[in-house]
Structure formats: C-alpha cells, structure tokens
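Biologist: I have the sequence and the fold on my screen. Can we walk through the sheets and the cores?

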Amino acid sequence: MSKEHLLIDHVSMDFPIPGGVFSALDNVNLKIAKGEFVSLIGHSGCGKSTVLNIVAGLYQATQGGVILDGTEVNDPGPDRAVVFQNHSLLPWLTAYQNVELAVKQIFGKQKSKTEIKDWIEHNLKLVHMDHAMNKRPDELSGGMKQRVGIARALAMQPKVMLMDEPFGALDALTRAHMQDTLMEIQTELKNTVIMITHDVDEAVLLSDRIVMMSNGPAATIGEILAVDLPRPRERVTMADTPEYNHYRAQVLKFLYERQRRPEDKKSGGDTEKKPSADSGQADASDLKLVNDKQAAA
C-alpha cells in the first residue's frame, strides 16, 4: 500500500427534520492508503451508509469533506464505483450487455470495439462469469448476479470501490464463495475498497483495517482495528487461530459492550449476538440513486 490516497476530513453531516436538525455524523476523520481494504461496521443508524454516500459524492457534508488523490469530491463520478446489496442489473440485458453499458459510458471514445469486447470479457472472467456472459439476470442465481455487478464496477477502472453490504442478501455458502472471489480480485488488482458490513467474520477475513462506528445520533469513529493477518487468507485455516479469534473478539467487544444498542440495554439482551445481514437496511437508503448520477457524470 502506498501513501495517503483518500482523506475523509472532519466530516459532519446534519439533516433537516421537522422542528430542528438531525446530526447523523460528527467529526469523522479517516485516511485510507491506495490498495487498502477498509470495512465499516456498527449498529443500524450509526452513519455507515452516510459516510459511503459522502465518499460517493451523493451527499455534501455539512462540515469537512473528502479528498481523493488531491481533488475534492463534490459529485458522483466513475472514479468511485458502487456495488450494492441489490445487484441493480437491467433485466432485459445479458450479463455481457450490463457490463458493456458501463464500459461504453466510460471508455466509448477511448477504446476500439475490439478493445471494449476484450475488456468486458476480461472483467467477467475475473469474477468467474465468462461462461454465462450471454445470460439475462432472470437466468442467473443471486450470487451470479452479484458477480456481474462487481464485474461492471471493476470494468469502470475506479480508484475506489464502495461496497454497501454486497453479500448481505446471499446464503452463507454463496457469501463465502463471493468473499473468496473478492480476495482474489483484491490480490490481483490491489483495489482500494471501502465496504459496509454487519458480519464480524467477514470484516476480519477481508479487511486491512476495521472502522467501528459509534451509535448515532452524532455518530463518529469509535475505534479502528488494524488486522495484521498474512495474505492470502484461507478461512478454514484461520478460523481456529488465536490471532483471528483475537481480532474477532475485539470487534464483538466494541459492538456489544462499548456500543450496545439502546434496545439491548433496556431488555438486557445477549451481548454476544452476531449481527445479522438484515440489521442494516434502515441506514442504506439513498445509495441506489448514485447509479444514475454516476452514468450522467
């Protein structure tokens, strides 16, 4: 990883509400190096998606801002590709055509027809979807659709990949396969990735650093955990190691001791309960709008 690449600088975010203002974020500061994989984790309503929205250029911070390679982020753009929990594929187009749509938007005037074709096929091959490139979304499984969505994002050659719980809607086995694929891609391409997750094991397995958010309102970064595990990482081998379980325990301790949800405090609920994939839907409201804004940028 190289020097500072992405800077989230003193970011605060307020939203107008009837009778006043709701403070979503308060003084969030984070420096991310090129090629780093950073996960954001925290309870629902802690501002994870708001941070991602601001980096994507969908929101303008009330205070502070985002700097990417020396340039302030003010709008959505192809240098920041977003992968959603919902694959967001156009149902009447094949997998190839869905990726082609993004490639032509970005590289239509720079690449020849042959180069465009080769580039689309290359990115579909990266996610192991070259065998199904001529199938439409209704002919693909959930995991296959998400692979196409990742291929589309990669084909834009973004500086930063923003992933909003990309595997949250998948079954456990498919999720594991997708995590392995993402690690393969990360190893080969050295992408900078910011990923929202509610899965502690996923965060430890994939990340170089885990950014743990405090509860909202006025959420901020509560703690940052550097995950010093060797790569490539193999889940079965690591699962029983003291190092892996140490990092896992650190995240759980933050989430369910230092940052217990208000409803858990009232009910005396289980502090070791693992976050579910569905628990973060309330704070992932507006990222879907970025698709159209990215295409228009």
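Modeller: Two strands count as paired if DSSP finds at least two bridges between them. Keep in mind that this is a predicted model.

Biologist: What is the order of the open sheet of four strands?

Modeller: Pairing in this sheet is antiparallel. Strand 2 (20-33) and strand 5 (71-72) each pair on one side only, as edge strands. The order is 2-1-4-5.

Biologist: Over how many bridges do strand 1 and strand 2 pair?

Modeller: Strand 1 covers residues 4-17 and runs antiparallel to strand 2.

Biologist: Which strands does helix 1 lie across?

Modeller: Helix 1 spans residues 48-56. Its angle to strand 1 is about 115 degrees. The helix lies across strand 1, strand 2 and strand 4 (63-68).

Biologist: Are the residues on the two faces of strand 6 buried or exposed?

Modeller: Side chains in a regular strand alternate between the two faces of the sheet. In strand 6 (residues 80-83), Arg80 and Val82 take one side, with Ala81 and Val83 on the other. Buried means under 20% relative accessible area. Both faces are covered, and those four residues are all buried.

Biologist: Which residue in strand 7 stands opposite Val82?

Modeller: Strand 6 pairs with strand 7 (residues 160-164) in the parallel sense, over four bridges. Opposite Val82 stands Leu162.

Biologist: In the largest nonpolar core, which residues touch the most other members?

Modeller: This core has 56 residues. Helix 8 (residues 242-258) gives the most, seven residues. Val83 and Phe167 are among the contacts of Ile150. The residues touching the most other members are Ile150 and Ile210.

Notes. Residues are numbered from 1 along each chain as its sequence is written. This is a predicted model: local features need pLDDT of at least 70, side-chain atom pairs count only at pLDDT 80 or more; totals for chains, interfaces and linings use all residues. Side-chain values use heavy atoms; hydrogens and water are left out. Contact means heavy atoms within 4.5 Å. Axes are lines fitted to C-alpha atoms, for helices over the stretch in contact, and angles run from 0 to 180 degrees between N-to-C directions. A nonpolar core is a set of buried Ala, Val, Leu, Ile, Met, Phe, Trp, Tyr and Cys residues joined through side-chain atoms within 4.5 Å. Buried means under 20% relative accessible area, exposed over 50%, partly exposed in between (1.4 Å probe, protein chains only). Lists of a residue's contacts leave out its neighbours within four places in sequence.
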